[in-house]
Amino acid sequence: MRKIFLQIGATRDGQNPYCEVAKRDGYFTVLAEMSDFVDYQSLSLTLPFDLIIRLDRPENPWEVLQAYLHAGLLEHPRVVLAGFEAYNASAGRVREILAGPDAPRTFIPLDKYAQRMALKKAWPRFPQPEFRFFASPLSILDAREALLYPCVIKPVDGGGGLGIWLVESPAQLGVVVRRLDETMNYGGRGFSGFIVESWLKGDEYSLQGVVHDGRPYALTCCQKVIEQQRDAQGGVSFYESGHVAAAARALPPAFASLMTFCCETFGYRLGAFHIDFIVVDGVPHFLEMGFRLSGMGVVNLVQEATGINWAEVAFLLEAGGAMPALRFSAPPRAVGQLRLRQPAQLRQAENWIAEHHQGALLPPLALPGLQVSRRSSLYADLTRHAGILGVLRLTAAGRDDILAVFNSMVRNAAAVSGGNLLCAE
């Protein structure tokens, strides 16, 4: 009987780490994804899966299983994982259905609002921004006078930074609400709700790791570079453009405690994770947890910083294997990448490399820029994942040197562009 690996949704960064590991381990690899996105991504790269199943709604687990059977696959997949955040819950539901009613409870990833509510019950062990839930953009507008400014609006079930806006004053709210009302989720879906939270000023981080039998193991800690893009109407959106990773050999106690507490509170006992948080006055504040591998090429940073293949470890655990010994490479070093969206940034990166004889400018995944309506199934992907001009990759003994270069490039590019691009460190 064949070993089958089913991945629900393609990655958006062009990496296919799970597929590579599965093929090496003798699995027949299957991708379930929207036809439109398969055709779109195939313009730029060849998808490595043995079989691609096309369907309309990968977020629907019953539709995934129906398409899987219609493709003539009679064996149950041994491993089912999501390639992208928007389909993480679907992968959990597929695993639950295949396990049957008598199997132990299957973990279903929580959306952002469910995570916040679970942590709120455990308050005050780990703080988070003050937040409120709204069912629609128009209901946010109705609460204009009751909100605290500045605030951040984010969908509870988005991905890749889609639909996240900073509102600095009540006068900006109408513009942002109109934009949200016009924005569709991945696959042309609507959002299931929104969080409005207090904006916090601090340094943003993420932890990458795996959890086995309820015990989390951190691989890397990334510090982020966040860009804020102001559009012609005055709305400010966010881009997570830079990551600087260092091996998590010895995490600060507060970071390690947050990691353990999140896995315990959410009941997450097996698989890959990343946890986003912001440090304010030395205190980590929880933002969200992803129950999957990170996107944006962070998988590569993890391997370069640690010598450990994150996808390999996660896949082994999902397939029922034992937790392997984690052997970090030596000597310690930090590895960073900055996605360049502005011509001024690209020029600065080229000049910096030429002057310092360090670093590399990596070509982006050449996704074509198509003109589609806001209701298109591809609108979210074209908005968030196309338009990258290049990726600057740097290595150093520690994070600070790389962050200084990245933040300087973002600030200088903002000055050249007339202040439309803002840097939030």
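The model is predicted, so local features are reported at a pLDDT of at least 70 and side-chain atom pairs at pLDDT 80 or more, while totals for chains, interfaces and linings use all residues. Residues are numbered from 1 along each chain as its sequence is written, and side-chain values use heavy atoms, with hydrogens and water left out.

Helices (H or I, at least four residues) and strands (E, at least two) are DSSP runs, numbered from the N terminus. A residue is called buried under 20% relative accessible area, exposed over 50%, and partly exposed in between, with a 1.4 Å probe and protein chains only. Because 5 of the 5 residues of β1 are buried, this strand is largely enclosed by the rest of the structure. Ile 4, Leu 6 and Ile 8 are buried on one side of β1, and Phe 5 and Gln 7 are buried on the other. Two strands pair if DSSP finds at least two bridges between them; β1 and strand β2 (residues 28-34) do this in the parallel sense over 5 bridges, and Gln 7 stands opposite Leu 31 in β2.

The loop between β1 and α1 holds Asn 16, which is buried, with a relative accessible area of 6%. Contact means heavy atoms within 4.5 Å, and, not counting residues up to four places away in sequence, Asn 16 touches Gln 7, Thr 11, Leu 45, Pro 48 and Phe 49. In helix α1 (residues 17-24), the buried residues are Pro 17, Tyr 18, Cys 19, Val 21 and Ala 22, and the elements they pack against include β1, β2 and β4.

| Helix | Residues in helix | Reach | Expected |
|---|---|---|---|
| α4 | 12 residues | 17 Å | 16 Å |
| α11 | 14 residues | 20 Å | 20 Å |

In α4, the residues Asn 88, Ser 90, Ala 91, Gly 92 and Val 94 are buried, and the buried residues of this helix pack against β1 (4-8), α3 and β4. Just after α4, Gly 100 takes a positive phi of about 90 degrees, and just after α11, His 357 takes a positive phi of about 55 degrees.

Glu 59 is found in the loop between β3 (51-55) and α3 (61-70), and it counts as partly exposed because its relative accessibility is 22%. Not counting residues up to four places away in sequence, Glu 59 touches Tyr 87, Ser 90 and Arg 189. The C-alpha atoms of Glu 59 and Gly 9 are separated by 8.6 Å, although these residues are 50 residues apart along the chain.

**The second largest pocket**

On a 1 Å grid over the protein atoms alone, a pocket is an open set of points where a 1.4 Å probe fits, with protein on both sides within 12 Å along at least five of seven lines, and lining residues have an atom within 4 Å of a point. The second largest pocket holds about 640 Å³ of space and is lined by 25 residues, of which Arg 95, Thr 106, Phe 107, Leu 270 and Glu 318 lie nearest its centre. The elements that give two or more residues to this lining are β4 (79-82), α4 (88-99) and β12 (270-280).

How values were computed: Points joined across faces, edges and corners; volume = space filled by probe spheres on them. Expected span 1.5 Å × (residues − 1).
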